[in-house]
Every structure is written in C-alpha cells, then in structure tokens.
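Subject: Structure for your review

Dear colleague,

Please find below the structure I promised to hand over, with my notes on what was found in it following directly after.

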Amino acid sequence: MPDYQKMYLTLLNKISDAIEELRQAQAEAEEQYIDSTEANLHLLQPEKESSAKK
C-alpha cells in the first residue's frame with residue numbers, strides 16, 4: 001500500500017519551496033524596479049468612440 005502521508009508531505013514541501021522561490025523572485029524584481037533610475041512610464045489615453053468606429 002502506498003505511503004500517502006509521505007507522498008503528501010513530499011508534495012507539500014515541494015510546493016512550499018516553489019512558492020517561496022516565486023515570492024523571492026518577485027521581491028527581487030520589485031527591488032530592481034524601485035532601484036531603477038529610469039522612468040519609462042507612459043500614460044495611455046483611451047480612444048474616443050468616434051475614432052474607434054472608423
């Protein structure tokens with residue numbers, strides 16, 4: 001009979017590790033963005049209905 005508890009705990013640990021790795025990657029990317037001196041922000045204006053129908 002399979003050891004379901006061992007299987008569950010193995011899966012839970014791997015999922016927890018993956019979540020933590022993704023959280024760290026997100027935090028690193030946020031830090032890189034905050035530390036960036038470039039401001040490449042562009043405000044996009046919605047198209048007016050009359051020009052969208054043409």
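Because Glu20 and Arg23 are 3 residues apart in helix H1, about one helical turn separates them, and their side chains meet in a salt bridge with an N to O distance of 2.8 Å. Please bear in mind that this is a predicted model, and that the structure holds 1 salt bridge.

Turning to the chain as a whole, the secondary structure consists of 2 helices and 0 strands, and of the 54 residues in the protein chain, 0% are buried, where buried stands for under 20% relative accessible area. The accessible surface of the protein chain amounts to about 5900 Å², and carbon and sulfur atoms account for 57% of that surface.

Met1 has a relative accessibility of 96% and so counts as exposed, given that the cut-off for exposed is over 50%. Together with Tyr4 and Met7, Met1 forms a nonpolar patch on the surface, and the accessible area of these residues together is about 460 Å².

With kind regards

Methods: Residues are numbered from 1 along each chain as its sequence is written. This is a predicted model: local features need pLDDT of at least 70, side-chain atom pairs count only at pLDDT 80 or more; totals for chains, interfaces and linings use all residues. Side-chain values use heavy atoms; hydrogens and water are left out. Patches are made of residues with over 30% relative accessible area and no salt bridge: like charges are joined within 9 Å, nonpolar side chains (Val, Leu, Ile, Met, Phe, Trp, Tyr) within 5 Å. Accessible areas come from the Shrake-Rupley method with a 1.4 Å probe; for residues, only the protein chains shown count as cover. A salt bridge is a side-chain nitrogen of Lys or Arg within 4 Å of a carboxyl oxygen of Asp or Glu. Buried means under 20% relative accessible area, exposed over 50%, partly exposed in between (1.4 Å probe, protein chains only). Helices (H or I, at least four residues) and strands (E, at least two) are DSSP runs, numbered from the N terminus.
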